[in-house]
Amino acid sequence: MRALVVGVAFALSLAIPASAAQDEAALGRATFAKANCVGCHKWHGNGGGGYGGAALSLRKTELDREQIIHTVACGRPSTGMPYFLRGVYDEDATEHPCYGFTRKDVTSSDNHVAEAAVFLRPNEIEAVADYVLNNIKGHGEPNFAECQAFFGDTSRVCETYKPQSAHQMPTPSTIN
Amino acid sequence: MKANKLHLLAGAALACLLSSAAYADNGPVAEKPATVASPDVTTERLNNANQELAQGNWITHHGNLWGQRYSPLAQINKDTVKGLHVAWTMQLGGVEGGGIWSHGGLEGTPLAENGYLYVTDGWGSVYKIDTRGGKGALIWKMDPKTDHDWAGAVACCGVDNRGVALYKNLVVSHTLDGRLVATDKETGQVKWQRQVANPDKGEVVTGAPLIVKNTAITGVAGAEYGIRGWIAATDLDTQKEVWRTYTIPGKGDPGIETWKSDNSAEVAGGGSTWVTGSYDSATNTIVWGVGNPGPDWDNAFRPGDNLYTDSSLAVDADTGKIKWHFQHTPNDPYDYDSVSENVLVDVDGKKLALHANRNGFGYAVDRTDGKFEWATPFVKKVTWTKGINPQTGKPVEYDPSKDVQGYAVAPHRGEPTTDFCPGNMGGKNWPPTSYNPELKLWYIPVIESCNRVTIAPEKAVPAKSREFFTGGGPSQPVRITGSVTAIDVTTGKVAGKYETKFPNLGGTLATKDLVFSGEPSGEVYALDGKTLQKLWGFNTGGGVSAPPMTFEADGKQYVAILVGLGGAWDKWFIDSTPELKTMQPGSTLYVFGL
């Protein structure tokens, strides 16, 4: 695991200017959507039960940065959490940084870890981990400002967070 | 200099036009006879839908208003079907994702009138396709610009739209984000729309509207999100809502005594209505299915029978007033919705409503008063109950003196997980059955299943909307397969079963001597209507999750089916059918001919 984190940190250390930090934040948010973290953890990261089982709440998580990176890269055996870093379970790699498991272990039914639909690059994994740390972990209930920051304002998806009750029937938008 | 260049370009353009004219016959847009305006679809025509079917049309969602999905067309029959092949295909759109969904899919039934097909994609775009001349040509596409994130965040079970309705010169459709849209049949321009469901409350709409006289009937989805279910009727001439009948009683309403705790049923009772129902014009009665109560699996949260969840409901078409109900699984701990269509049939002097329930039993009730006639299991394995009481029509373990039902085996707060058969997705889900009135055989698209529920007791009705309110969640520890199972309606017994490797996620079509269906692994197939022997198949290469239908153009019979990985299977249930993980999203209309 340490080799994994060191490798990823090295990639990150190449980025320096302040504007790159802004790009990093945008990359983190975009990755959260592109990798379909939204699909189980929801846009606000609170996860929840229902179909698909209980995806963990990233707001209530106590994982630190290293642990989040590890979880995204390696997934979690026998949960729904897939792995996002290409190659981590390769049999012939010199190291097996994810629980010491190889593909043989994680394709069995005992320690099953699904492959993500989309693999992420190390810098994307770091960016999404930082996005979770800065925007989700430890935050209270999701609110309108956070929702708008995530979706922009072309959708009605954030209306439900507005102060007034959402129980009036909205009017349909005009067709473009 | 510039002027010379313009002339040059103009000259080149002219030359292009002239040369392309020579290739018009090979161009991408088929040479077609001029578009013919179609006559109005009237109440009279809808009430005589069987005549339309005989003419090669299919002008209402289930073929006729009784929900039978039976066509008398006979060019394609058990002797000729071996020659069935792809006549043409058309790529459609709506594959992009939104909300919690990575892709849209196809679950729709095409409508057909005078050689024109009307189909929808998952996000609700409507396509009018000219099928004359032996090939498909798109006449117009209406994109309702569905709010992908708003609706997709609270669609429990896929980005899908099950089809349009036809009324006068309008094509009437729903959108996932809760609108009813009326489009001009000739021009494809939206005439008007209204908001019927409210995604802010966790409501979405996936079903096709049903035209009953001059109204469009809308059902709602969202019982996993703590909604209060309803059926609504919109007057298509005035665009106003005529009635809205709630499937969950409020304080003082009949049925409220079946919700015994203080938890307010009105807020989160469930009772969704997302599958298109049927209509009996002789009694002016709409028969519609009602879904699961909320929270889905924590039935101790909501002691009592929980009317009218898990029931078939008959309502007056003019007022929406409830005439009768028949409840299949009181105080349901399994998510055994009764949303399925009720197929209206007349057999041996009896006026019946047939309903293939999620709980694995096919029911027949008297459609004039909801009285139970018979029930028979159509799945191979049932463990949740030892059987249905032949007098009452209720599960034998049902105890009306108990507030919380345990049946033979059920998820409950004392046990972290419970396995039961059929699985929570049901022995049959939304995919439609079909009925052959000559053979008196009723064909059911079966999910031969068991699965597991992990209970997570709810403490209170959710404070905020648009969050899952399910009391736990399902997982798939065992393989799930499928079948087409025929029930003889004169005896109420299973008459045959054609087993399939995968669950039936698309539905069936009945013709004089054939049954058509499809597999989520790609194959569209035809079975002998009597023996269920397979007579024909074609692998489309896509995840078939929509019902086949049949129509005529230029005097020739075709079978049409939408193919495009739809629904919830690949997200929530895929572990039970690991081979299906390789199916890719897509969006294609297939038309087969001889």
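Visitor: What percentage of the 176 residues in chain A is buried?
Guide: The model is predicted. A residue is called buried if 20 or more other C-beta atoms lie within 10 Å of its own. By that criterion, the buried share of the 176 residues in chain A is 32%.

Visitor: How many helices are there in chain A?
Guide: From the N terminus on, the elements of chain A run α-α-α-α-α-α-α. Chain A has 0 strands, and its number of helices is 7.

Visitor: Of the contacts in chain A between residues at least 6 apart in sequence, what percentage joins residues at least 24 apart?
Guide: The contacts considered here are those in chain A between residues at least 6 apart in sequence.

Visitor: How many residues of the contact of α4(A) with α6(A) are nonpolar?
Guide: The crossing of these two helices, α4(A) and α6(A), is right-handed. On the α4(A) side the contact is made by A:R65, A:I68, A:I69, A:V72 and A:A73, and on the α6(A) side by A:I125, A:E126, A:V128, A:A129, A:V132 and A:L133. Among the residues of this contact, 2 are charged, none is polar, and the number of nonpolar residues is 9.

Visitor: Which residue follows α4(A)?
Guide: Helix α4(A) is mostly covered, with 7 of its 10 residues buried. The buried residues are A:I68, A:I69, A:H70, A:T71, A:V72, A:A73 and A:C74. The residue that follows α4(A) has a positive phi, near 70 degrees, and is A:G75.

Visitor: Why does A:C98 count as buried?
Guide: A:C98 lies in the loop between α4 and α5 (103-106) of chain A. Leaving aside its neighbours within four places in sequence, A:C98 is in contact with A:A73, A:C74, A:Y83, A:V88 and A:Y89. The threshold for burial is 20 or more other C-beta atoms within 10 Å. A:C98 counts as buried because its number of C-beta neighbours inside 10 Å is 23.

Visitor: How many residues of the side of chain A that touches chain B are polar?
Guide: In the contact between the chains, 25 residues of chain A meet 30 residues of chain B. On the chain A side, 11 of the residues are nonpolar, 2 are charged, and the number of polar ones is 12.

Visitor: Which residues point the other way from B:T285, B:V287 and B:G289 in β16(B)?
Guide: In a regular strand the side chains alternate between the two faces of the sheet. Strand β16 (residues 285-289) of chain B is mostly covered, with 5 of its 5 residues buried. While B:T285, B:V287 and B:G289 point one way, the residues that point the other way are B:I286 and B:W288.

Visitor: Which residue in the turn between β15(B) and β16(B) has a positive phi?
Guide: Strand β15 (residues 278-280) of chain B pairs with β16(B) in the antiparallel sense over 3 bridges, and B:S278 stands opposite B:V287. The two strands, β15(B) and β16(B), form a hairpin with 4 residues between them. The turn residue with a positive phi, of about 55 degrees, is B:N284.

Visitor: Which residue in β17(B) stands opposite B:I286?
Guide: Strand β16(B) is joined by 5 bridges to strand β17 (residues 311-316) of chain B, and the two run antiparallel. The residue of β17(B) opposite B:I286 is B:V315.

Visitor: What is the bridge partner of B:D346 in β20(B)?
Guide: Strand β19(B) runs antiparallel to strand β20 (residues 350-356) of chain B, and 5 bridges join them. The bridge partner of B:D346 in β20(B) is B:K351.

Conventions: Residues are numbered from 1 along each chain as its sequence is written. Chains are lettered from A and ligands numbered from 1 in the order in which they are written. This is a predicted model: local features need pLDDT of at least 70, side-chain atom pairs count only at pLDDT 80 or more; totals for chains, interfaces and linings use all residues. A crossing is left-handed if the near helix is turned anticlockwise from the far one by less than a right angle, and right-handed if clockwise. Two residues are in contact if their C-beta atoms, placed from the backbone, lie within 7 Å. Ala, Val, Leu, Ile, Met, Phe, Trp, Tyr, Cys and Pro count as nonpolar, Asp, Glu, Lys and Arg as charged, and the others, Gly among them, as polar. Two strands pair if DSSP finds at least two bridges between them. A residue is buried if 20 or more other C-beta atoms lie within 10 Å of its own, exposed if 12 or fewer, and partly exposed in between; C-beta atoms are placed from the backbone.
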